[in-house]
Amino acid sequence: MKNPESTKQKTLILAAIVLMFSWGVGYIFLNYQFQNSTSKELQKIVDSTQKLFTLKVTQENKNLINIIDELLSLDGLTQAVSQNNYKKISFIITPHYKHITNINADVNILTFRSKDGVILFRAHRPDFYGDFLNENRRLIVDTNIKEKSFSGFEVTKLDLMYRSTQAIFYKNKFVGSVEIGVDPNKFIQDLSLVFDFEIGLAINKTFADSMLDKNSIYINEKYILIKGSEHLQKQLKEKKQNSHFKLKTNVLLKNHLSTEVGVLLLGFDISSIEQANKEFMNKLLYLGLSVALVLIIVLYQGFEAILKYYKKESNTDRLTKLKNRQALNSKLFEDKKYVLILSNIKEFSLLNELYGVDIGNEVLQKVAQSFEKFATKYKLSAYRISSDEYVLLKEEESFEAEEYDDILQELHEKINSLDINIQSIGETISVEIYSGIAFGEAHSLLDAQMALKKAKEKSLPYLAYSQNVDTKEHNKNVLSMKRLIRDAILLKEIIPFFQPITDRNGKIIKYEALVRIVNLVNGKKNIIFPDDFLPIAMKSGLYMSVAKEMLTRALTFFALRDEKISVNFLPNDFFNASIMDTFLELLEKFDSPQQVVVEITEQEGVEDFDRLLRVVQKLRKIGVLIAIDDFGSGYANYAHILKIKPDYLKIDGSIVRNILEDEESKILVKSIINFTKDLGIKTIAEYIENEEIFELLKEYGVDEFQGYYFGRPQDLINS
């Protein structure tokens with residue numbers, strides 16, 4: 001007969017063995033799951049970093065191309081390069097290089113070379129110690145041989161840089177090249193603001209022979225470290241002893257030939273995570289049977305909750321307890337569409353300076369609480385992504401900005417009306433916010449940042465992203481138009497169109513010259529009007545060439561005709577010596593200077609009217625006739641008219657267009673005519689579109705007429 005006590009004891013032992021075995025299996029499984037979860041989170045961060053780094057490199061490359069294009073549009077620069085005139089290049093470039101480095105702190109070096117590779121000009125930061133000796137670098141050789149632009153990372157004797165080159169042409173001939181370089185530390189610094197891990201740069205040993213010495217830090221058999229924090233260097237030196245430091249080398253740095261020259265290093269110290277996991281699991285040893293039972297429940301019911309807890313801790317902003325930038329990045333890279341509202345506290349840095357960081361942190365917490373309540377009300381997710389920037393996010397299939405007007409209005413009223421009571425200083429602080437709203441996938445944060453920036457510039461509380469806000473699209477359009485203008489100058493596509501001006505009998509007595517660009521698109525003549533290209537020409541240094549070409553073609557043509565010719569001048573044109581010299585030379589072709597009428601286009605706030613008046617008076621002494629254009633459009637200064645004493649006043653078309661129906665326009669036209677009659681000035685009315693307007697203005701006493709009723713602007717030269 002079996003002993004009951006012995007059977008019970010065996011049963012207890014067997015039960016204990018089964019439970020301990022279950023606990024052991026659970027311990028191993030839990031440890032595996034923690035490690036697997038950590039690896040997945042690290043891989044997510046690496047993928048996000050790679051996308052952001054690629055985006056930053058692309059943006060920096062566009063920025064360098066824009067800088068080079070701006071420089072090459074400077075008057076006389078390409079000619080100076082073709083002549084190897086290093087003094088002139090230095091004279092033109094030096095002030096612009098200082099301006100570039102003030103705005104673009106990452107630009108280190110700018111070099112101009114002849115077509116033979118000889119350095120004509122080089123500018124660099126005082127603290128830059130790049131490779132000045134090796135001018136036979138493959139990047140430079142390829143630019144000169146292939147006569148085209150290249151960009152990419154490049155290893156020099158002393159460093160790694162990101163460089164962009166562009167071939168320079170003068171009169172359609174290759175004359176040299178320009179190279180601009182930036183320190184890749186820029187990319188690392190930007191990434192450091194977003195992600196919390198060690199970042200460095202390593203070079204492929206194939207390209208790094210001149211950098212190797214006894215202190216070189218080898219990443220592996222392929223790479224050596226050139227940039228990185230002291231902590232990263234220490235971890236790399238101790239990598240054989242330190243298994244907690246994970247190093248990723250997935251992000252490749254490529255040169256202009258798409259050859260790998262280095263990698264971006266991402267280092268993660270997961271010791272604290274592993275330690276936390278280990279401490280958690282070691283506690284299970286002291287819980288015995290009850291812990292084993294709890295562990296079974298945790299494995300089958302509560303494991304996801306544990307993972308969510310740790311994930312929540314890594315995705316939470318410590319100060320405000322809102323979700324952080326890492327959590328937002330994970331959302332935005334899920335290939336879903338979101339409405340994203342980005343808000344920024346107005347002048348928060350000033351508040352920090354006045355009250356200190358502790359008070360600033362208290363303000364940030366109060367504002368975060370308001371954002372969280374607001375997010376809950378409208379089923380949004382709230383994030384704090386930087387010092388004073390908050391994000392509200394909502395998944396949507398489609399987006400109409402007007403639908404969010406009321407929400408944004410309410411958000412601003414709620415935050416701007418906050419009275420934040422700071423007990424430690426006995427004061428109540430108020431804040432204001434700007435906001436930008438955008439819709440999309442991974443790029444929606446960048447779009448919202450552009451909208452927020454534009455809202456600040458326009459002093460608007462908030463603004464939705466659109467193509468008008470998108471500086472990338474705007475820069476692309478501007479760059480395209482600048483190239484079109486340069487081509488038009490080279491190909492003689494700056495064409496004057498002429499519109500007739502008649503006397504009271506309808507007889508043509510003069511023409512006004514109006515600038516156009518005429519080119520061929522798909523074999524068809526395409527006409528581009530001045531409103532589309534003149535503003536860009538003025539800002540990019542091309543206006544003077546356009547103006548001189550326009551004057552030359554128009555005045556040369558009319559020097560052989562009997563009618564008067566009227567040409568337009570902006571006030572600043574009178575201060576441009578090159579334009580005025582061209583104009584005076586062309587006047588010598590006319591039998592009488594009185595055949596030429598200079599129309600001064602009115603502009604609000606002429607910077608130096610007295611100087612303008614002196615130039616106009618000299619032209620009048622020569623015999624040139626003077627007209628004031630667009631008189632009555634809103635900027636007319638009667639005192640200036642009395643001083644200039646023009647021969648003609650052109651009544652603005654916006655008044656004439658509505659004169660048949662608008663009584664105020666009739667009164668204004670009559671007053672202008674009375675004013676000019678008393679001074680002996682003739683009047684010209686624009687926008688005469690039909691016989692009724694013509695007859696009415698004749699009755700009022702207008703002297704000359706211009707408009708579609710008499711003829712549209714035409715290309716008389718080529719017709």
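Two strands are taken as paired if DSSP finds at least two bridges between them, and the elements themselves are DSSP runs numbered from the N terminus, with helices (H or I) of at least four residues and strands (E) of at least two. The structure is a predicted model, in which local features need pLDDT of at least 70 and side-chain atom pairs count only at pLDDT 80 or more, whereas totals for chains, interfaces and linings use all residues. Residues are numbered from 1 along each chain as its sequence is written, and side-chain values use heavy atoms, with hydrogens and water left out.

On these terms, strand 1 (residues 107-114) is joined to strand 2 by five bridges, the two running antiparallel, and L110 stands opposite A123 in strand 2. Both strands belong to an open sheet of five strands with the order 2-1-5-4-3 and antiparallel pairing. Strand 2 (119-124) and strand 3 (150-155) each have a single partner strand and stand at the edges, so one side of each is left without a neighbour in the sheet. From one strand to the next, the twist averages 20 degrees, where axes are lines fitted to C-alpha atoms, for helices over the stretch in contact, and angles run from 0 to 180 degrees between N-to-C directions.

An open sheet of five strands with mixed pairing has the order 11-12-10-15-16. Its edges are formed by strand 11 (381-386) and strand 16 (462-464), each of which has a single partner strand, so that one side of each is left without a neighbour in the sheet. With direction ignored, neighbouring strands of this sheet are turned by 20 degrees against each other on average. Strand 15 (residues 433-440) pairs with strand 16 in the parallel sense over three bridges, and I437 stands opposite A464 in strand 16.

Strand 18 and strand 19 (residues 524-528) pair in the antiparallel sense over five bridges, with N519 opposite N526 in strand 19. Two residues lie between the strands of this hairpin, in which N522 takes a positive phi near 55 degrees.

Strand 18 (508-521) also contributes two or more residues to the lining of the second largest pocket, as do, among others, helix 15 (530-539) and helix 16 (543-558). A pocket is here an open set of points on a 1 Å grid over the protein atoms alone, where a 1.4 Å probe fits, with protein on both sides within 12 Å along at least five of seven lines, and lining residues have an atom within 4 Å of a point. The lining comprises 40 residues, of which E512, L514, R516, P530 and N568 lie nearest the centre of the pocket.

Helix 21 (residues 663-679) packs against helix 22 (residues 691-700) at an angle of about 45 degrees, with the axes 10 Å apart.
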